[in-house]
Amino acid sequence: IGIGLTRKFGSGTYIGVLSGLLIGTIGAADKGPLEIFEWTAMGITMDLIALAFKDHLGNPLVGVVLGAFGSFDKTLVNWSISLVVLQNTPLILAGIGVAGTISLVLGGAGGAISAVIVNRVHHVHLPTHKEETNHNL
C-alpha cells in the first residue's frame, strides 16, 4: 500500500527497515534483531519490481506479482538466516517448498487486496493547502 500511495522509489525499503526494526525490537519476532534483514529484503524486492510497473501499481495483477515476490524473498532470507545460525538444516530444507508456495500464494493475495485499496484511496478527494480558504468574517 505504501509503494502504491507514494509512488516513489525507496518507499518500500524504508517501510521494510522500519517494520523490521519495530518487530525485532519489541520482541514479536523469533529471530530478534535479525528480523530487520527479512523485512528490508522484502521492501527492496518490491521497490525493484515496482520500477517495472510504475504507472500500474493500482492493478490487482501487479499487486499479485509484487506481493508474491516480496513475500517469497522474505521467506528466502528467513531460510538463509536459519542456515547461518545453524538451526536444524534438513528440516528447514524439507519445509522450504511448502513455505515458499504458501508465501507466493498468500503474498499474491495480499498484493491484490493492496492494489484494490490503493485504487479506492486514490479516488478519494483530500483537501490540500491550496484549496483551503480563509473564512475571516
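# A briefing on the core, the pocket and the cavity

Leaving out residues up to four places away in sequence, M42 touches G70, S71, D73 and K74. Please keep in mind that this is a predicted model. M42 belongs to helix α3, and it is one of the residues of the largest nonpolar core.

- M42 counts as buried because its relative accessible area is 17%, and buried means under 20%.
- Along the chain, M42 and K74 are 32 residues apart, yet their C-alpha atoms are 5.3 Å apart in space.
- S71, one of the residues that M42 touches, lies in helix α4.
- S71 is also buried, so what is its relative accessible area? The value for S71 is 16%, and the cut-off for buried is under 20%.
- Besides M42, S71 touches S103 and G107, again not counting residues up to four places away in sequence.

**The largest nonpolar core**

- Eight residues make up the largest nonpolar core: I3, M42, M46, I49, A50, L57, V62 and L66.
- Two helices, α3 (35-52) and α4 (60-84), each supply at least two residues of this core.
- Which helix gives the most to this core? That is α3, with four residues.
- As general background, nonpolar side chains in soluble globular proteins tend to be buried together.

**Helix α2**

- Helix α2 is made of 15 residues, and from its first C-alpha to its last it reaches 21 Å, close to the 21 Å expected at 1.5 Å a residue.
- Its buried residues are S11, G12, G16, G20 and G24.
- As a general point, an α-helix has 3.6 residues a turn, so residues three or four places apart point the same way.
- The buried residues of α2 pack against α1 and α3.

**The largest pocket**

- The largest pocket holds about 430 Å³ of space.
- Its lining has 23 residues, and those closest to its centre are I1, G2, I3, M46 and S114.
- Two of these, I3 and M46, are also members of the largest nonpolar core.

**The cavity**

- How many cavities of 30 Å³ or more does the structure hold? There is one.
- About 40 Å³ of space lies in the largest cavity.
- The residues lining the largest cavity are I3, R7, K8, F9, D47, A50, L51, K54 and L57.
- Among them, I3, A50 and L57 also belong to the largest nonpolar core.
- Helix α3 provides the largest share of the cavity lining, three residues.
- In the cavity lining, five residues are nonpolar, none is polar and four are charged.

Key:
Residues numbered from 1 in each chain as written. Predicted model: local features only at pLDDT ≥ 70, side-chain atom pairs only at ≥ 80, totals over all residues. Heavy atoms only, no water. Core = buried A, V, L, I, M, F, W, Y, C linked by side-chain atoms within 4.5 Å. Buried < 20%, exposed > 50% of the residue type's maximum accessible area, 1.4 Å probe, protein only. 1 Å grid on protein atoms, 1.4 Å probe; cavity = no way out; pocket = protein on both sides within 12 Å on 5 of 7 lines; lining within 4 Å. Points joined across faces, edges and corners; volume = space filled by probe spheres on them. Expected span 1.5 Å × (residues − 1). Contact = heavy atoms within 4.5 Å. Nonpolar A, V, L, I, M, F, W, Y, C, P; charged D, E, K, R; others polar.
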